[in-house]
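Welcome, and take a moment to look over the structure below.

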Amino acid sequence: MTKQEFQKLTENLLFLDGATGSNLMAQGMPRGICTERWVIEHRDVIQKLQKAYIEAGSRIIYAPTFGGNRLNLKQHGLENKIQEINSTLVSYSREIAGNKAFVAGDITTSGQFVTADGEYTYEDAFEMYKEQITILKNAGVDLIAAETMINIEETLAAVDAANSVCDLPVMCTVTVEADGSIFSGGNAVEAAVAFESAGAAAVGINCSVGPDQLVSVIRNIREAVSIPVIAKPNAGMPVIDDQGNAVYSMNPADFAKHMQVLVKNGAGIIGGCCGTTPDFIREMKKLLG
């Protein structure tokens, strides 16, 4: 997909998919393991989920390559399998998407903070993302999605890395508090402006809190940038049950109604994060599509 084709696609409300991780755990994925390896070993689970998202109305699904960067894979002793892991996971999504949906190569934070003279520099981040994005591009993704980002500098490294190896559109979303502040400093508006300047095709938020708490954040981003604004929040705030599982507060219908408010306040690309399922996308599509 070219950046011009992406821009054309966003002339109308664009539906992303919903959560991956929380749905995989509901299907038996244990905590603390390498998600990417588990998904490779459970192809049927991810493909059934992504097929359901497409049937519900998702035009873009995220390949399950979220933690497929070298630093994350190294924690599991899998850094030497980075190409095999990312390529295989993209192939799973490509097979399901066919010509019915686009596939985003999903990347995320290393979990470290970029500092000028620290152990993890901008150059380190750039090289990490360049490696993974090159693999994703060669595997046939249509665009890149940098999500659940917690550091503006690291996200800029991801955008720069993408632009250095491909012409694919890059969507950038940070995770924020209800007031728009980012965990490592700065806020969602500053981040959005910086990402647009770096060449991102769309900017916004994902994960974070529920859509009911993000109205002013989305409105402020919309007023600050000229590119499409993304809203991919959680299904409300979670409560931890007796088994240690996160139980999210919103049902699909309520979520869709709150997402309608975000759309009225400037969100043009919408989906769901933790706690959402294909039913959440279906309800949004029914109400807004």
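A helix here is a DSSP run of H or I that is at least four residues long, and helices are numbered from the N terminus. Keep in mind that this is a predicted model.

**Charged pairs**

Let us begin with helix α12, where K286 and E283 are 3 residues apart and so are separated by about one helical turn. These two residues form a salt bridge, with their closest N and O atoms 3.2 Å apart. K286 is exposed, at a relative accessible area of 61%, while E283 is partly exposed, at 23%.

Helix α12 spans residues 278–288 and holds another such pair: D279 and R282 also sit 3 residues apart, about one helical turn from each other. Their salt bridge brings the closest N and O atoms to 2.6 Å. Both residues are partly exposed, D279 with a relative accessible area of 43% and R282 with 34%.

How many salt bridges are there in total? The count comes to 9. One of them joins D142 and R94. D142 lies in the loop between α7 (122–139) and β4 (143–149), whereas R94 belongs to helix α6 (residues 82–97), so this pair ties together parts that are 48 residues apart in sequence. D142 is buried, with a relative accessible area of 13%, and R94 is partly exposed, with 24%.

| Salt bridge | Closest N and O atoms |
|---|---|
| D142 and R94 | 3.1 Å |
| D279 and R282 | 2.6 Å |
| K286 and E283 | 3.2 Å |

**The nonpolar cores**

The largest nonpolar core has 83 residues, and the members that touch the most others are Y129, I133, V174, F195, V203, I205 and I221. Which helix gives the most to this core? That is helix α8 (residues 152–165), with 8 residues. There is also a second, separate core of 15 residues, which includes M1, I60, A104 and L143.

I133 lies in helix α7 and is buried, with a relative accessible area of 0%. Setting aside neighbours within four places in sequence, I133 is in contact with I107, I144, A158, A161, A162, V165 and C166.

I205 is the other stop. Again leaving out neighbours within four places in sequence, the contacts of I205 include V174, A188, L214, V217 and I221, as well as K232 and P233.

Finally, find helix α9 (residues 188–198) and helix α10 (residues 215–224), whose axes come within 9 Å and cross at roughly 35°. The crossing of α9 past α10 is right-handed. Which residues meet there? From α9 come A188, V189, A192, V193 and E196, and from α10 come V217, N220, I221 and A224. Sorted by class, this contact has 7 nonpolar, 1 polar and 1 charged residues.

How values were computed: Residues numbered from 1 in each chain as written. Predicted model: local features only at pLDDT ≥ 70, side-chain atom pairs only at ≥ 80, totals over all residues. Heavy atoms only, no water. Salt bridge = Lys/Arg side-chain N within 4 Å of Asp/Glu carboxyl O. Helix = DSSP H or I, 4+ residues; strand = E, 2+ residues; numbered from the N terminus. Buried < 20%, exposed > 50% of the residue type's maximum accessible area, 1.4 Å probe, protein only. Core = buried A, V, L, I, M, F, W, Y, C linked by side-chain atoms within 4.5 Å. Contact = heavy atoms within 4.5 Å. Axes fitted to C-alpha atoms, helices over the stretch in contact; angles between N-to-C directions. Left-handed = near helix turned anticlockwise from the far one by under 90°. Nonpolar A, V, L, I, M, F, W, Y, C, P; charged D, E, K, R; others polar.
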